[in-house]
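Please look over the chain below with its backbone in mind. The paragraphs that follow begin with local backbone geometry and then turn to the domains.

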Amino acid sequence: MVASGIPATGNPSLEFDASLVRKLIQLGPRYTSYPTADSFSDAFSYRDYLQTVVGLRTRGGMWPLSLYVHIPFCESVCHYCSCNKVVTRDRSKAATYLSYLKHEIEMQGNLFAGMNQIEKLHIGGGTPTYLNDAQMGELMAHLRRHFRFASDFDGEYAIEVDPRTVTVERIHALRKQGFNRISIGVQDFDPDVQQAVNRIQSEQDTLNIIRAAREACFRSVSIDLIYGLPKQNVITMAQTLNKVINASPDRIAVYNYVHRPNMFKPQRRIDEDDLPSLDARLNMFSLCIRRLTDAGYVYIGMDHFAKPSDDLAIAQRQGRLHRNFQGYSSHAEHNLVAFGVSGISAVAATYSENAKTLDEYYERIEQNELPIVTGVKLSMDDLLRRIIIQMLMCNFELSIDSIELAYPITFKTYFAAELDKLHELEDNGLVTVDDEWISVTPKGRLLIRNVCMVFDRYLNTACEAKTGGASAKTETRPLRYTKKI
Ligand code: SF4
């Protein structure tokens, strides 16, 4: 039996309606970008990127930059993994990678010389702490040589940490190296679940790492959980949630596991008989919402919860929450520069993606070229839809006036087809639409991607081409977007 129609008591603006979620939940983009990365094309090249940066300089692009660095290595493979990673115990590969990464940082540093103030850095993977202490120090020193970092107080410097790869001392070292936010992969504390996904990490070690992060004065400690894993049930989930809530992280992300063994090889090692049923998954989802909101966490959107005192919750209250490739952010950013294999940069009105394999990444850098292999230049329509999706994802509402003021359109005419689709969602209780506002209801917040997909021209065009414009949308991207350590 699935729990139904549960108002999340700690957060009256969120309501879990099991029958609605069951009816409407679908695979769809997570909108960490718009257009999503599957729309990028190899017609966009390194030269397009150079022109974009030159254009930025001509317009006097003095806004702060954000940086992302991808470290792809992992020591062993988690069976649920859908990330771009390289599983190896050969540590010399990290040293080789670091030398190429440094060259790429140097090239980007030269391009952005004079407009290189950094307020945000995120190091993700793979497993960033696959780099040892000295290598991480070398990477940070190199970044600081080529970019000007804002003070610890003014900047957000985050790293993803796999507790299996670090000691308490390493956590303190990371803080000294300049990181002030930490995201810790837990997924589930239950030993049978850990066994089934090949990710054994002792509860005590993980709790020690969380405690060490607090002692080292990280400004924000974030925990990642997953529901829907093999051997998981509502009881194991409740036990994991209790332990996580007791550890009191500032942010908790609860991702839905999507089983797609055809797309992600490691998932073929999962015994499908061990996967929870849809009812069990919905019960776990509902339990997560209830337990976390009862414990005082605020639902930020798309799997993310935060304490009301955390920057994300404050930014949401103040209407300045932002979404990028790393998820939600309290800083709106003008330009994001990504380093490393498969990194995606967002500079001016473009996205550009680095080579996805180490060989190709190394080859491009050896030719003294940035390793950009695909990307896209955003049209006015893309920019317009991007801001609409961003507002809905972050604020759960959209002021039609604000769009008409910023863009030369009449909303009702330009988005006539989209408004028709929104009225269908309105009939299902997900949104309310009037002449001035599109507002996502408490029930609709858990299905926010359904609302955003209405404005996704690429998705709708693809479906119309396939179906003559008549049916439900299909999806080509994994439900979970990379980041899971
Ligand atoms: S889930 Fe994270 S740690 Fe596990 S294999 Fe994937 S990238 Fe590596």
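**Backbone and domains**

A348 lies in the loop between β17 and β18 (350-354), where strands are DSSP runs of E with at least two residues and helices are DSSP runs of H or I with at least four, both numbered from the N terminus. This is a predicted model, in which local features need pLDDT of at least 70 and side-chain atom pairs count only at pLDDT 80 or more, while totals for chains, interfaces and linings use all residues. Residues are numbered from 1 along each chain as its sequence is written.

Phi of A348 is positive, near 50 degrees, and the residue is partly exposed, having 16 other C-beta atoms within 10 Å. On this scale, with C-beta atoms placed from the backbone, 20 or more others within 10 Å make a residue buried, 12 or fewer make it exposed, and counts in between make it partly exposed. S342, in the loop between β16 (335-339) and β17 (344-347), also has a positive phi, near 65 degrees, but S342 is buried, with 21 other C-beta atoms within 10 Å.

Two peptide bonds are cis: the one from Y34 to P35 has omega near -5 degrees, and the one from G125 to G126 has omega near 25 degrees. P35 sits in the loop between α1 and α2 (46-58), whereas G126 belongs to the loop between β6 (117-125) and α4 (133-146).

The domain assignment, automatic or from a database, gives domain 1 (6-28 + 379-467) and domain 2 (37-337). Between them, 18 residues of domain 1 are in contact with 19 residues of domain 2, contact meaning that C-beta atoms placed from the backbone lie within 7 Å.

Key. Contact = placed C-beta atoms within 7 Å.
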